[in-house]
Amino acid sequence: MKARVYVTLKKSVFDPQGKTIHDALGSMGYEGVADVRQGKFFELEFEGVAEDAARAAADDIARRVLANPVIESYRVELLA
Amino acid sequence: MKIGVVVFPGSNSDHDAYHVAKHVLGQDARFIWHKEGSLGDVDAVIVPGGFAYGDYLRTGAIARFSPVMSAVAAFAKSGGPVLGICNGFQILQEAGLLPGAMLRNRSVKFLSQPVHIRVERDDTCATAGVPVGTVLTMPIAHGEGNFYLPDEDLDRLEREGRVVFRYTTRDGALDDAANANGSCRAIAGVCNEGRNVVGLMPHPERASEAELGSADGRRLIEALTRSLVRA
């Protein structure tokens, strides 16, 4: 069983990397891209763990390690 | 008077900090490997700069789970003086011992240059005896030093007098260009509620001898040794 964790800067937090990419897209001629936010993506592979336990563990790992709650938010997705 | 310098895989200012404590200030000093669960008999701790665990996940994010960090947290809780420099500051933030988090520099560039910082408080373990308003010159060397907290938390921090250093011009004036990394309210360093844990992004240990261009940083390490007397 896999869990996917998406970590992004909170909406209220300025994202210098996203801004740089956004500026580059503008100069490359891509119009209509209103904003770019950069984030991180993690895939956790679980073995011999029930779905509920995997979800709880993934959530715990995301909260404690993968994301910094001062600046980032996260989302956990479970795949069978 | 013994100063402990924590060493993580990837620390790179540990020897500089040790050198200043031991050879410039003549204090007893020892390295503390991050796997050690105890600080031993040290009177103060420096968490030095570098790239602990490569900062691969996020600056300081993995280092904070090293065994030594539980000992540092207990030491800090009991009032022991702790100074976090650069990556050491980031590790103390991740460990919850200091407020805020670091974003990428607003320029998205690694900055390695001298800066001027103004002392905002003289009642912390790293600034005791350094008058408020003193402007110190020392280098920064970081990619993520853009101090961030939400506005309401910044207000509280200021109310509690926990902003210890701000980036300024040489004359001590606030100026956007002087705030190279784009930190909220030009914050270069903060302290905990007990004022015995201080973190700053600039490197006092790299500016503690005239040969290095500035000896201003020495005053902060000296203050740390003075705080030992009170401990």
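The following legends describe close-up views of a predicted model. Residues are numbered from 1 along each chain as its sequence is written, while chains are lettered from A and ligands numbered from 1 in the order of writing. Local features are reported at pLDDT of at least 70 and side-chain atom pairs at pLDDT 80 or more, whereas totals for chains, interfaces and linings use all residues.

**View 1. Overall build of chain A.** Chain A contains two helices and three strands; helices (H or I, at least four residues) and strands (E, at least two) are DSSP runs numbered from the N terminus. Along the sequence they follow the pattern β-α-β-α-β. The radius of gyration of chain A is 16 Å, well over the 12 Å that the globule rule gives for 80 residues, so chain A is more spread out than a compact globule. This radius is taken over C-alpha atoms, and the rule is 2.2 Å times the number of residues to the power 0.38. Taken along the principal axes, the C-alpha atoms of chain A fill a box of roughly 50 × 25 × 15 Å.

View 2. Strand S1 (residues 2-9) of chain A pairs with S3(A) over eight bridges, and Arg4(A) has Glu77(A) in S3(A) as its bridge partner.

**View 3. Where chain A meets chain B.** In this interface, 10 residues of chain A are in contact with 13 residues of chain B, contact being defined by C-beta atoms, placed from the backbone, that lie within 7 Å. Helix H1 (residues 16-28) of chain A supplies three residues, the largest share of the side of chain A that touches chain B.

**View 4. The nine-stranded sheet of chain B.** This open sheet has the order S2-S1-S3-S4-S11-S10-S9-S6-S7 (chain B), with mixed pairing. Its edge strands are S2 and S7 (135-142) of chain B, each of which pairs on one side only. Strands S3(B) and S4(B) run parallel and are joined by three bridges. Val47(B) stands opposite Gly84(B) in S4(B).

View 5. In helix H2 (residues 67-77) of chain B, the buried residues are Val68(B), Met69(B), Ala71(B), Val72(B), Phe75(B) and Ala76(B). They lie on the same side of H2(B), because they cover an arc of only 155° around the axis; the arc is that of the directions from the helix axis to the C-beta atoms. The face turned away from the buried side of H2(B) carries the exposed residues Pro67(B) and Ala74(B). A residue is buried if 20 or more other C-beta atoms lie within 10 Å of its own, exposed if 12 or fewer, and partly exposed in between, with C-beta atoms placed from the backbone. The buried residues of H2(B) pack against strands S1 (2-7), S2 (28-33), S3 (44-47), S4 (82-85) and S11 (197-200) of chain B. Gly79(B), with a positive phi near 95°, follows H2(B).

Notes: Two residues are in contact if their C-beta atoms, placed from the backbone, lie within 7 Å. Two strands pair if DSSP finds at least two bridges between them.
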